[in-house]
Amino acid sequence: MIKDYFNSSYAKIREINKKYKTPNIEMSKWVKVSLLLLRLYLFTLIGLSIYKFITLLK
Amino acid sequence: MNIFTRLYYRYRRMSKAMRLFLLAAGPGIIVMVADNDAGGITTYTVTGAKYGMHLLWFLILLGPVAYYVQEMTVRLGAVTKRGHAEAIFSAFGRFWGWFSLMDLVLTDWLTMITEFIGMTAALSIFNIPPIVTVVICWIIMGAMISTGRYWTWEKIALFFCGLNLIYIPAAFMVHPSVKDIAFNSVVPHFPPGGFTNELFFLLMANIGTTIAPWMLFFQQSSVVDKGLHEKDIKFGKIDTAIGSVLTVVVAMVLIIVCGILLYGVPVDDAAVAARQIMPQSSIIGTLIAIGLFDAGLLGAICISLASSWAFGEVFGWAHSLNAKVREAPWFYAYYVFDLLLAGTVVLIPGAPLVLITLFVQVIATTLLPAALVFLILLLNDKKTMGEYVNTRWQNIVNIGIVAVIIVLSTLYGVSTLFPDMFK
C-alpha cells in the first residue's frame, strides 16, 4: 500500500514536471535578467545559511 | 427629473454598488487582518514598549505598502482564475514552481507553529493548559471548513477579524494624548537615542509582519475560490484598502497601549506584555490576551489554507472550500495534517521553539523577494493580464516598494543569521 502511494506520488510529480516544463511567460530581456538576479540572490542567501549551519555545528 | 427623483436614483445606484461590494468583500479584509498574527502582535507590543508612540508614522507608511502589494494578487486572481502557486508554475516553469511551493509549505508550517505558540501563551494567562488550547483550536478550525461552503467559512473568518479590533477599546481606556498621537503619526522622526541597530531590527520586523509570502498565495487563491471576475476587481481593491486600514489601526492601537503602559519595560512577546499589564488594568491585560489568541487563530486559519490551496492547485486536487470533504479529500487532508503537525510540535516538551521562530524569519526572507519578483513579472505579462497589466504608475510604485522590501528583508534575514554583523 505504501509502495503504491509512493509510486502514484512519483507519477504525479512527473506529470506536473511535464506539464510545466516550459515557462509560459514571455521571456523578454527584463524577465531573463530578473530571474538571473533572483537565482544569484537565492544562491547567496542559501550559501550564507549553510555557512551559518556549519559554523553552528563547529 | 426633479431633485427627489435624482436623489432616489443615486440612492438606488449606491445601494446596488454597496450590495455588490459586500458580495465581493472578504479576502482583502481577512488577509490584512490576519496579517496581524501572533508574531505581528508581538512585534507591535515590543515596538510600543521599547519606543513608545515614536514609530506610529512608520506603521502608517506600511499601510499603503501592504495595499499596493496585495492589490496585485486581486487582479492576478480575478484575471487568470488561478491561484498564486499555479500561476508561478505555469509562468516560470517547474524549477521556480517547486521552489516556491516547497518554500511556502515550509514557511507556512513553521509560521503555524509560531501561531500555536502565541495562542497557547495567550490562554495560559487564564490558566488554560496548552493541550486544551491546541485541541480547542483544532476543533474551531476543523468546524470552519466542515460546512463545505466558502461563504460560511468567510463569515466565521470575518467574525474573528472583528474580534481582532478588541484592542481599540483598550486604547481609549489608557487615555492617550490626541496631540501626541497626531504628532507621532504625521511627523516622521526617530525615537530618542537615534537610529540604532535595535531600532533597525525592529523596523524590519514590522515590515516583515506587514508583507509575508503566505499573504500573496492566500489572497489570490481566496479571490479565485470566491469566484471574483474582472468586473469585481474594483470591489476587491476597496476590500483590500479597508483591510490595510484595519491592519494599521490595530497595529497603532497596540503600540499606543503598550507605549503608555509599558514604555521602557523590557518585553519579549505579547503574552508577557499582557501579564505585565494585568496589575495595572486587568481588563486591558485580558483584552490583549484575547486579541493575541484571536490573532494566532486567524493567522493559523489563513496560513494553513494558503498551503492547502497551493498544493491543490499544483497537484490538480479539488481545492475549494465550496467542496464537501468527500469531494476534496486531499485538500482537506492536507489542511488537517498541517494543523495537527503544527499543534503537536508546540506540545512537545523542550521543542526548540525559539529556533523555529528564528528559522521562520530566515526562510520567509528567502521566499519573499522571489514571490514579489514573480508577482511584478506576472503583472507585467500582457499575454496573461491583458488590459489589467500594471500601468506605468503602478510599476513605479510597486517596483519601488518591492526593491525596498527586498533590500530590507535581506538585511533582516542576514542580521538574523549573523546578529553581530551590524554592530
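1. What is the accessible surface of chain A, and what percentage of it belongs to carbon and sulfur atoms? The surface comes to about 4,900 Å², and 67% of it belongs to carbon and sulfur atoms. Accessible areas here come from the Shrake-Rupley method with a 1.4 Å probe, and for residues only the protein chains shown count as cover.

2. Before going further, a word on conventions. This is a predicted model, in which local features need pLDDT of at least 70, side-chain atom pairs count only at pLDDT 80 or more, and totals for chains, interfaces and linings use all residues. Residues are numbered from 1 along each chain as its sequence is written, chains are lettered from A and ligands numbered from 1 in the order in which they are written, and side-chain values use heavy atoms, with hydrogens and water left out.

3. Chain A has two helices and zero strands; these are DSSP runs numbered from the N terminus, helices being H or I with at least four residues and strands E with at least two. The C-alpha trace of chain A spans about 45 × 40 × 5 Å along its principal axes. Its radius of gyration is 18 Å, whereas a compact globule of 58 residues would have one near 10 Å. That radius is taken over C-alpha atoms, and the globule rule is 2.2 Å times the number of residues to the power 0.38. Of the 58 residues in chain A, 17% count as buried, where buried means under 20% relative accessible area, exposed over 50%, and partly exposed in between (1.4 Å probe, protein chains only).

4. Chain B contains 18 helices and zero strands. The C-alpha atoms of chain B fill a box of roughly 60 × 55 × 40 Å along the principal axes, and buried residues make up 59% of the 423. Its accessible surface comes to about 16,800 Å², with 71% belonging to carbon and sulfur atoms.

5. How do the contacts of chain B divide by sequence separation? Among those with a separation of 6 or more, 84% are between residues 24 or more positions apart; contact means heavy atoms within 4.5 Å.

6. Helix α2 (residues 27–35) of chain B is mostly covered, with nine of its nine residues buried. Among them are B:Ile29, B:Ile30, B:Val33 and B:Asp35. B:Val33 comes up again at B:Asn164, whose contacts beyond four places in sequence are B:Val33, B:Asn36, B:Val250, B:Gly291, B:Asp294 and B:Ala295. B:Asn164 sits in the loop between α7 (150–163) and α8 (167–173) of chain B, and at 0% relative accessibility it counts as buried.

7. The aromatic side chains deserve a look: the whole structure holds 21 aromatic pairs over all chains. Rings of Phe, Tyr and Trp (its six-membered ring) pair if their centres lie within 6.5 Å; planes under 30 degrees apart count as stacked, over 60 as edge-to-face and the rest as tilted. B:Phe95 and B:Trp96 have ring centres 4.9 Å apart and planes at 75°, so they are edge-to-face. B:Trp96 also pairs with B:Phe99, with centres 5.8 Å apart and planes at 90°, so this pair is edge-to-face too. B:Trp96 and B:Phe99 are about one helical turn apart because they are three residues apart in helix α5 (residues 84–124) of chain B. B:Phe95 is partly exposed at 44%, while B:Trp96 is buried at 1% and B:Phe99 is buried at 18%.

8. One aromatic cluster is formed by A:Tyr20, B:Phe89, B:Trp98, B:Phe311, B:Phe315, B:Trp317, B:Trp330 and B:Tyr334.

9. Two backbone angles are worth checking. Most residues other than glycine have a negative phi. B:Lys81 has a positive phi near 60°; this residue lies in the loop between α4 (56–80) and α5 of chain B and is partly exposed at 35%. B:Asn127 likewise has a positive phi near 60°; B:Asn127 lies in the loop between α5 and α6 (130–145) and is exposed, with 69% relative accessibility.
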